[in-house]
Each structure stands twice: as structure tokens, then as C-alpha cells.
Amino acid sequence: MTSFDTQLTTIAAALATGAPRLTLSGLTGSSPAYLLTRLLRETNGTFVVVAPDGDGAEEIVRELRFYADRPEEVLLFPAWDAPLLEGASPHPDVTGERLATLFRLLERGPKIVVAPYAAAVQKVLPRKVLGELSLYLVAGEEAPREELLEKLVKLGYSPVPLVEDRGSFATRGGILDIFPPSLPAPVRIEFFGDFVETIRTFDPLTQRSLHPLEELVLLPSREVVLTPEVMKSFTGRLKRLCDEIDIPVPRRRELVEQLQAAIY
């Protein structure tokens, strides 16, 4: 057994006993990534790697996927690309990757999650809420179509004439096109009444079908989901806060009307 193997066994044993703090020094370049991938073979559970910023997180992900036996088990949890309280929403690609990583954690799928510090300290959807909001469709089974369309609006999807961007959906006849933020391509669902006949990915430029899917998990298109129950208590709390910081009544009403119409 080499010196490195001996040290690796010692580190893994310390982690297995629940050591409250373990400090390692002398790791340079891509050696932290190599060490983590070796530790995966010796331990169970999921590692969370916190990087100083987004660029650092993406670099560590690349290194980890290079060394890992299963690169698909290394996931990135990016920070929002829009500052908080700036009146702007994060890009759908960022939201999609964050929600996809959170959903994989529900399934205990990834072995390593890498997050920049800003993402690690930000509040996220509770596990229970994300699980309850996610929709599951299977080709060859029933799914009430009208009820599904209502749920999509509540989950932050925007109805459009033609699906080209993430977080949007379109209907024509028995066809529902939708672009979940967590997927690389939009999906076309063909209904016969409330019966799901087929589920396929398609090219948003040519609108041609690509690959068939047996099942589809639809995650919320946003991380902020205001259900009717939440809105009921939110309106009162917003009024009190606006009174405290002197936000005019017309502006408060405008905010409430926008949120009730699912305009975030």
C-alpha cells in the first residue's frame, strides 16, 4: 500500500466516524478533485463542495468529471446570475440546473454537488414542496389534460404561441409542447383525450420530433412558487411591510395583481 493509499484510508475512516472537522493541506491544482473521486470509492453518502465563486465551481466540476468513474454523478448547483432584490429573475438555464440538482438530491442520485458560496448560503425550495410540485407523466397512461395545463401556469410556465424558450408551453389540438428548464430540449406530448399517447423531445428551431421518452418529470419553472395558500398569507404580510417602508398603495396593489397573474 502506497503512502497515498494509507492517507486515503485514514481520511475515509475519520469521515466514517463523523469527525466534526477535518483539515487537509498541501493540495494544489486538480489534486482536491482527484482526492474526492478516490474518497467516493471508500465512503458512502454525498459530498458537497463549496467554491469561492461560479468560475471556481465550474472548474472543479470539470476536474471532478475527468477523474470520476461516473461523471454523471457530479452535479453543479450554480448561483443566481441576477442579484437579489434587483427586480430581475435569474436566467431559465440557471434555474433549470438548480432545480434539476435539487430533484436529483431528492432521489439520492449525485455523489458530489459543487456550489459556489453564494449558492450554498441561499434559501431553496423545501424538499417536501419540490416533491409535491413536481409532475410525473408516463407514455401510455392517463393524465387529465386541462388539470395539467392549470398546474403548469401555477408552476410558473408561460403560455406562448410557439415554444422556443425554457419555461414556456404551447397547445394546439391534442398536442402539448413544453420546455422544462431542467431539460436540454423541449418536449412534445400527444394526448388522445386525457390519455398520453407519446412523449418526444423536439428541435425548437425545426419543430421536428427527436427522441421518444417513456416518462417525463416536470419540475417547476421557477424557484419561487406562490400557491393560492401562500398568496393568501403573503398579501397581508406585504401590506404590513409596505406600510413600514412607505411603499405607496398603488404600487403594492400592482405587485399583488402581478403575482396573482403569475407574473414574477
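A: The account below begins with the aromatic rings and then turns to the sheets, the helices and a few individual residues. The model is a predicted one.

A pair of aromatic rings is described by two quantities, namely the distance of the centres and the angle of the planes. Rings are taken as a pair if their centres lie within 6.5 Å, and by this rule there are 3 aromatic pairs. One of them is formed by Tyr34 and Tyr67, with 5.3 Å from centre to centre and 70° between the planes. Because planes over 60 degrees apart count as edge-to-face, the pair of Tyr34 and Tyr67 is edge-to-face. This pair links distant parts of the chain: Tyr34 belongs to helix α2 (residues 31-42), Tyr67 belongs to helix α3 (residues 54-67), and the two are 33 residues apart. Tyr34 is partly exposed, its relative accessible area being 33%. Tyr67 likewise counts as partly exposed, at 27% relative accessibility.

Tyr67 also takes part in a pair with Phe66, again edge-to-face, with 5.1 Å between the centres and 80° between the planes. Phe66 has a relative accessible area of 65% and is therefore exposed, since the cut-off for that term is over 50%. Taken together, Phe4, Tyr34, Phe66 and Tyr67 make up one aromatic cluster.

Another aromatic ring has a charged partner. The charged end of Arg188 is placed over the ring of Phe202, at 4.2 Å from the centre of that ring. Both residues lie in strands that pair with each other: strand β8 comprises residues 187-192 and strand β9 comprises residues 195-202, and these run antiparallel over 6 bridges. Within this strand pair, Phe191 stands opposite Val196 in β9.

Strands of a sheet pair through backbone hydrogen bonds, and they may do so in a parallel or an antiparallel sense. Strands β8 and β9 belong to an open sheet of 6 strands, whose order is β5-β6-β7-β8-β9-β10 and whose pairing is mixed. At its edges stand β5 (158-159) and β10 (209-212); each has a single partner strand, so one side of each is left without a neighbour in the sheet.

Ala170 is located in strand β6 (residues 168-172). Its relative accessibility is 5%, so Ala170 counts as buried. Between Ala170 and Ala139 there are 31 residues of sequence separation, while their C-alpha atoms are 19 Å apart in space.

A second sheet is also open and has 3 strands, in the order β1-β3-β2, with parallel pairing. Its edge strands are β1 (47-51) and β2 (74-76), each with a single partner strand, so that one side of each has no neighbour in the sheet. On average, and with direction ignored, neighbouring strands of this sheet are turned by 20° against each other. Strand β2 is joined to strand β3 (residues 112-116) by 3 bridges, and these two strands run parallel. Here Leu75 stands opposite Val113 in β3.

Helix α8 (residues 228-244) packs against helix α9 (residues 249-260) at an angle of about 160°, and their axes are 10 Å apart. Since angles over 145 degrees fall in this class, α8 and α9 are roughly antiparallel to each other. Their crossing is right-handed.

In the loop between α8 and α9 lies Asp246. Asp246 is exposed, because its relative accessibility is 67%. Its backbone also deserves attention. Most residues other than glycine have a negative phi. Asp246, however, has a positive phi of about 60° although it is not a glycine. Gln207 is another residue other than glycine with a positive phi, in this case near 65°. Gln207 is found in the loop between β9 and β10.

Finally, these parts may be set within the whole chain. The chain has 9 helices and 11 strands. Of its 264 residues, 36% count as buried. Along the principal axes, its C-alpha atoms fill a box of roughly 65 × 55 × 30 Å.

Methods. Residues are numbered from 1 along each chain as its sequence is written. This is a predicted model: local features need pLDDT of at least 70, side-chain atom pairs count only at pLDDT 80 or more; totals for chains, interfaces and linings use all residues. Side-chain values use heavy atoms; hydrogens and water are left out. Rings of Phe, Tyr and Trp (its six-membered ring) pair if their centres lie within 6.5 Å; planes under 30 degrees apart count as stacked, over 60 as edge-to-face and the rest as tilted. Helices (H or I, at least four residues) and strands (E, at least two) are DSSP runs, numbered from the N terminus. Buried means under 20% relative accessible area, exposed over 50%, partly exposed in between (1.4 Å probe, protein chains only). A charge sits over a ring if NZ of Lys or CZ of Arg is within 6 Å of the ring centre and within 35 degrees of the ring normal. Two strands pair if DSSP finds at least two bridges between them. Axes are lines fitted to C-alpha atoms, for helices over the stretch in contact, and angles run from 0 to 180 degrees between N-to-C directions. Angles under 35 degrees count as roughly parallel, over 145 as roughly antiparallel, 65 to 115 as roughly perpendicular and the rest as oblique. A crossing is left-handed if the near helix is turned anticlockwise from the far one by less than a right angle, and right-handed if clockwise.
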